[in-house]
Amino acid sequence: MADKGTCIITGASRGIGAATARMAAAAGHPVLLNYAGNHSAAEAVAAEIAASGGRALVHQADIAEEDAVTAMFDRAEAELGPITALVNNAGILTPSATFDQLDAARLSRLFAVNITGSFLCAREAVRRMPGPGAIVNVSSRAAVLGSPNEFIDYAASKGAIDSMTIGLSKELGPRGIRVNAVRPGLIETEIHASAGDAGRVARMVSGVPMARAGSAEEVAEAILWLLSDEARYVTGTFIDVSGGR
């Protein structure tokens with residue numbers, strides 16, 4: 001299989017990021033799997049990729065830290081080759097709260113990872129992509145729905161990602177670098193449990209027109225299409241993977 005250029009996937013130790021890493025490697029990309037804290041999970045994904053004949057490199061970095069992001073991209077280029085794709089997937093979800101319960105510490109950390117981290121990774125990708133390339137940002141349907149009484153701060157952070165997607169797609173279009181986003185809805189991943197609400201998907205699935213939750217693989221399939229040549233004339237757009245919600 002022809003090498004399609006290095007793909008960096010942030011938050012790749014679990015859920016949507018892990019599913020995307022497996023599919024990107026299967027499609028011919030050497031992949032760098034970024035993770036924040038779960039080394040064993042990231043190594044397990046890399047081992048699966050290697051067993052299937054793909055190339056994967058595991059790298060720990062807090063994407064909210066500028067120097068850490070730069071070092072991660074340096075390593076990807078040095079060990080895997082030129083970067084042609086970025087999946088901005090890493091993000092955090094804090095425990096459910098009403099707006100009057102929010103405080104500066106919570107907002108600072110959430111925005112640092114979900115917004116600043118995505119901006120820094122996109123910046124490094126832009127600096128290193130000499131020609132055609134693709135960036136896919138993982139947003140959320142929360143950016144459109146607002147998540148009242150639960151996660152207005154999270155929704156706002158994803159709204160920022162939507163705005164960045166539109167602006168950056170226009171800035172980079174002349175260079176042949178495409179920038180798109182997916183907006184997952186209720187997806188069965190560990191992020192809900194990590195925010196202290198493991199039963200959230202089951203509780204809210206009745207509001208999904210398709211009457212079920214989505215899977216990480218269904219989101220990853222949309223991401224891989226946006227990275228692929230089949231989407232070569234698609235930029236500045238969004239794919240809602242939400243079952244109609």
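Me: Which residues does L33 touch, not counting residues up to four places away in sequence?

Reply: A contact means heavy atoms within 4.5 Å. By that rule L33 touches I9, A12, A21, A42, V45, A46, I49, A56, L57, V58 and H59. Before we go on, this is a predicted model, where local features need pLDDT of at least 70, side-chain atom pairs count only at pLDDT 80 or more, and totals for chains, interfaces and linings use all residues. Residues are numbered from 1 along each chain as its sequence is written, and side-chain values use heavy atoms, with hydrogens and water left out.

Me: What is a nonpolar core, and which residues have the most contacts inside the largest one?

Reply: A nonpolar core is a set of buried Ala, Val, Leu, Ile, Met, Phe, Trp, Tyr and Cys residues joined through side-chain atoms within 4.5 Å. Buried means under 20% relative accessible area, exposed means over 50%, and partly exposed is in between (1.4 Å probe, protein chains only). Here the largest nonpolar core has 33 residues, and C7, I9, V31, L33, V182, I223 and L227 have the most contacts inside it.

Me: Which elements supply at least two residues of this core?

Reply: Helices (H or I, at least four residues) and strands (E, at least two) are DSSP runs, numbered from the N terminus. Among the suppliers of at least two residues are strand 1 (6–9), helix 1 (15–26), strand 2 (31–35) and helix 2 (39–51). Helix 9 gives the most, with eight residues. Another core, of 28 residues, lies apart from this one and includes L32, A76, A122 and I161.

Me: How many helices and strands does the protein have?

Reply: There are nine helices and seven strands. The radius of gyration, taken over C-alpha atoms, can be set against the globule rule, which is 2.2 Å times the number of residues to the power 0.38. The protein's value is 17 Å, close to the 18 Å that the rule gives for 245 residues, so it is as compact as a globular protein of that length. Its C-alpha atoms fill a box of roughly 50 × 40 × 35 Å, taken along the principal axes.

Me: How much of the protein counts as buried?

Reply: Of the 245 residues, 51% count as buried. For contacts with a separation of 6 or more, 74% come from residues 24 or more positions apart.

Me: Is N137 buried or exposed?

Reply: N137 counts as buried, because its relative accessibility is 0%. This residue is found in strand 5. Leaving out residues up to four places away in sequence, N137 touches N88, I161, M164, T165, V179, N180, A181 and V182.

Me: Where are N149 and A211, and what is phi for each?

Reply: N149 is in the loop between helix 5 (142–145) and helix 6 (152–172), and has a positive phi of about 70° although it is not a glycine. A211 sits in the loop between helix 8 (200–204) and helix 9, with a positive phi near 60°, again in a residue other than glycine. N149 is exposed, with a relative accessible area of 58%, and A211 is exposed, with a relative accessible area of 58%.
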